[in-house]
Amino acid sequence: MKPSFEIGDRVRFNRQFLQSTCTYTGQSPRARGTITGFWGYKNQQATIRWDHPYFSDSRYGGAHIANLQKVKP
């Protein structure tokens, strides 16, 4: 069962996504952020405020919810 996400949830990329993109090192495996909104078909895309500049100089990015997992507080 897929986890449900809400605005304010802390997230990171899940293991399956990182392995499918051969991302084992660098910023992506360590990226953490907070969901600030949803958009797209059935709100399956999340807008995320990353804790560090992840994409260029912006702290904001997005990801499909299937590629995310919640970070335990």
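Visitor: What does contact mean here?

Guide: Contact means heavy atoms within 4.5 Å. In this predicted model, Ala 63, leaving aside its neighbours within four places in sequence, is in contact with Phe 13, Gln 44, Gln 45, Ala 46, Ile 48 and Leu 68.

Visitor: Which elements does the protein chain have, from the N terminus on?

Guide: They run β-α-β-β-β-β, that is, one helix and five strands. Among contacts with a separation of 6 or more, 45% join residues 24 or more positions apart.

Visitor: Which residues make up the largest nonpolar core?

Guide: In soluble globular proteins, nonpolar side chains tend to be buried together. Here the largest such core has 11 residues: Phe 5, Val 11, Phe 13, Leu 18, Ala 31, Ile 35, Ala 46, Ile 48, Trp 50, Ala 63 and Leu 68. Strands E1 (10-13) and E3 (45-50) are the elements that give two or more residues to this core, and E3 gives the most, with three. Of the 73 residues of the protein chain, 26% count as buried.

Visitor: How many aromatic pairs are there?

Guide: The count is two. Phe 13 and Phe 17 form a tilted pair, 5.2 Å centre to centre with 35 degrees between the planes. Phe 13 and Trp 50 have ring centres 5.3 Å apart and planes at 35 degrees, so this pair is tilted. Phe 13 lies in strand E1 and Trp 50 in strand E3, so their pair ties together parts 37 residues apart in sequence.

Visitor: Is Phe 17 buried or partly exposed?

Guide: Phe 17 counts as partly exposed because its relative accessibility is 24%, and buried means under 20%. Phe 13, at 7%, is buried.

How values were computed. Residues numbered from 1 in each chain as written. Predicted model: local features only at pLDDT ≥ 70, side-chain atom pairs only at ≥ 80, totals over all residues. Heavy atoms only, no water. Core = buried A, V, L, I, M, F, W, Y, C linked by side-chain atoms within 4.5 Å. Buried < 20%, exposed > 50% of the residue type's maximum accessible area, 1.4 Å probe, protein only. Helix = DSSP H or I, 4+ residues; strand = E, 2+ residues; numbered from the N terminus. Phe/Tyr/Trp six-rings, centres within 6.5 Å; stacked < 30°, edge-to-face > 60°.
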